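Have a look at the model first, then read on.

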Amino acid sequence: MNGLAVALRKRLPGFELDVSWEIGADLAVLFGPSGAGKSLTLRMIAGLARPESGRVAAGDAILFDTVRAVCLPPQRRSIGYVFQDLALFPHMTVLENVLYGGHGLEREERGARARDLVQRFGLAGLQQHRPDEISGGQRQRVAFARALLRRPAVLLLDEPFSALDARLRYDMGELLREVQREMRLPTILVTHDAGEAMRLADTVICYDGGCVIRQGPPGETLEVKPGAREPRRALG
């Protein structure tokens, strides 16, 4: 069964993250102020930061569990990750950047999947271009294609649309929604844009000061009143 279950705790100087939530094969938005712990949560799910305690499960696969002493390295977590800055390699072509996401796959399978994704994301004809030779929206599509190359169990997106203009941001959101529904892929999107959360999310998980203050449908969850819970002090 597709889904993602998260329970994480981590202390940093002046800040404590203590969150627990679960989704199915949905597109969930982590929503809240800067410093609330949203990006830190993504990094811990992906294995790029280690919690002090907790559990992360993608379907039946346990990725992290302090009780069972399980902590899979990032390359074994079957997670696609699109960073805010996209993290494309400037010296590589579009095709090479997409192929980079397929480490561990057989060469023929990796090539076939990359070609399919290049077509799927409207990048045909741009395979030999470098990132600085294509548009912002096209770079976004390259990052998406790379994240999906290994057919991950979970997709994480950390404010991937923040550098795009309004029209491109809308179009990329629609593409994300289409792909997520088609693949039935548990997807976590971090955004500060309430309109974007309302439009794209199946569920919204509201963070404040390292806590989840509410989770539910966007039309209800984004109506959280200030002071619903006393937040822990967040980092900037």
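The structure holds 1 cavity of 30 Å³ or more. This is a predicted model, where local features need pLDDT of at least 70 and side-chain atom pairs count only at pLDDT 80 or more, while totals for chains, interfaces and linings use all residues. Residues are numbered from 1 along each chain as its sequence is written, and side-chain values use heavy atoms, leaving out hydrogens and water.

On a 1 Å grid over the protein atoms alone, a cavity is a set of points where a 1.4 Å probe fits but cannot get out; a pocket is an open set with protein on both sides within 12 Å along at least five of seven lines, and lining residues have an atom within 4 Å of a point. A volume is the space filled by probe spheres set on the points, which are joined across faces, edges and corners.

| Space | Volume |
|---|---|
| Largest pocket | about 590 Å³ |
| Largest cavity | about 30 Å³ |

The largest pocket has 19 lining residues, and Pro74, Ile79, Tyr81, Gly101 and Arg150 lie nearest its centre. Strand E7 (79-82) gives the most to that lining, with 3 residues. Strands (E, at least two residues) and helices (H or I, at least four) are DSSP runs, numbered from the N terminus.

As for the largest cavity, its lining includes Glu159, Phe161, Arg169 and His192.

Elsewhere, Leu40 sits in helix H1 (residues 38-46). Leu40 is buried (under 20% relative accessible area, with a 1.4 Å probe and protein chains only), at a relative accessible area of 9%.

Technical notes
Buried < 20%, exposed > 50% of the residue type's maximum accessible area, 1.4 Å probe, protein only.
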